[in-house]
Amino acid sequence: MPVYFDAHAHLQNMVDLKKALLKAETAQIQGIICNATHEDDWGKVIELSKTYSNIHVCLGVHPWFLGSLKKGWEARLERLLKENPSYMVGEIGLDKVRADQDPVISSLDNQERVMRIQMDLAAQYNRPFHMHCVHAWDRIMHVLKSNKRPDFFVSHAHHGNVHLIPALAEMGAFFSYASTFVSPERKKVRACLAATPLDRLLVESDCPDLSSEPAEVPNLVKHMAVVRQQDEAVLIKALYQNAERICYGR
Ligand SMILES: [Zn+2]
């Protein structure tokens with residue numbers, strides 16, 4: 001029986017989480033990486049991991065939620081990471097569309113400042129961070145190159161230019177793909193998916209965005225096998241091993 005790992009989800013935002021987790025279990029989804037987006041949901045993500053042992057915790061502040069930052073958040077994040085060696089950092093990153101919508105609180109300068117603080121913590125405790133990047137690849141490449149980093153990080157819902165893949169991989173990136181690549185029109189993301197080294201590849205539902213859920217992962221892997229022209233069983237095994245490497249550092 002093949003087993004799967006959902007490398008990026010926001011389970012705390014699911015409308016019917018119990019149902020989604022039951023479906024995930026039936027679909028052999030044996031691990032789910034759950035990303036917080038702002039301090040108010042850190043507790044929810046932690047609680048989920050205590051109820052379900054296959055849920056892996058990422059705590060961080062997403063570039064859409066800079067308005068929620070409360071004094072002392074960095075110290076509170078650091079304490080949680082320090083006390084819980086399995087916790088990772090996420091979701092963090094840069095989003096140019098958000099910066100254009102809300103240039104006062106969410107300027108790229110402010111987003112970068114918050115991202116760097118979280119990268120520093122990820123590096124200090126050597127925890128992978130989970131990265132969101134929308135229309136800010138030049139800037140995020142500069143941040144990645146110039147900041148301290150942990151051994152590994154995950155570019156989630158990856159869709160950057162295909163020529164960035166070797167440089168990102170060199171810095172420790174894993175590349176996680178959400179359902180967008182299924183559409184034949186998404187040529188750029190399909191090119192990235194085809195060019196990603198097998199030992200750096202991940203698959204994600206990004207639920208509940210795109211109305212998705214973890215149980216959809218096996219279907220995404222079927223499509224992946226077609227785009228990459230790769231044996232599905234080989235792909236399933238590698239995807240699972242790669243996710244374990246991110247979660248357990250092995
Ligand atoms: Zn996300």
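How many aromatic pairs does the structure hold? The structure holds 3. Here, rings of Phe, Tyr and Trp (its six-membered ring) pair if their centres lie within 6.5 Å.

## About the model

This is a predicted model, where local features need pLDDT of at least 70, side-chain atom pairs count only at pLDDT 80 or more, and totals for chains, interfaces and linings use all residues. Residues are numbered from 1 along each chain as its sequence is written, and side-chain values use heavy atoms, with hydrogens and water left out.

Take the pair of Phe-152 and Phe-174. Their ring centres are 5.3 Å apart and their planes stand at 85 degrees, so the pair is edge-to-face. Planes over 60 degrees apart count as edge-to-face, those under 30 as stacked and the rest as tilted.

The pair links distant parts of the chain, 22 residues apart. Phe-152 is in the loop between α6 (137-146) and β6 (153-155), and Phe-174 is in strand β7 (residues 173-177). Helices (H or I, at least four residues) and strands (E, at least two) are DSSP runs, numbered from the N terminus.

Buried means under 20% relative accessible area, exposed over 50%, and partly exposed in between (1.4 Å probe, protein chains only).

The charged end of Arg-200 sits over the Phe-174 ring, 5.2 Å from its centre. That term requires NZ of Lys or CZ of Arg within 6 Å of the ring centre and within 35 degrees of the ring normal.

The structure holds 1 cavity of 30 Å³ or more. On a 1 Å grid over the protein atoms alone, a cavity is a set of points where a 1.4 Å probe fits but cannot get out. Grid points are joined across faces, edges and corners, and a volume is the space filled by probe spheres set on the points.

Lining residues have an atom within 4 Å of a point. Those of the cavity include Val-3, Tyr-4, Val-217 and Tyr-240. Helix α10 gives the largest share, 3 residues. By class, the lining has 9 nonpolar, no polar and no charged residues. Ala, Val, Leu, Ile, Met, Phe, Trp, Tyr, Cys and Pro count as nonpolar, Asp, Glu, Lys and Arg as charged, and the others, Gly among them, as polar.

Ile-29 lies in strand β2 (residues 29-35). Ile-29 is buried, at 4% relative accessibility. Beyond its neighbours within four places in sequence, its contacts (heavy atoms within 4.5 Å) include Tyr-4 and Val-217. Ile-29 and Tyr-4 are 25 residues apart in sequence, yet 4.6 Å apart in space, C-alpha to C-alpha.

## The pockets

A pocket is an open set of points with protein on both sides within 12 Å along at least five of seven lines. The largest pocket has a volume of about 440 Å³. Of its 20 lining residues, the closest to its centre are His-132, His-156, Ala-157, Asp-206 and Asp-209. Strand β5 (residues 129-134) gives the largest share of the lining, 3 residues. The lining has 8 nonpolar, 8 polar and 4 charged residues.

The second largest pocket has a volume of about 160 Å³. Of its 14 lining residues, those closest to its centre include Asn-126, Arg-127 and Ile-246. Here α10 gives the most, with 4 residues.
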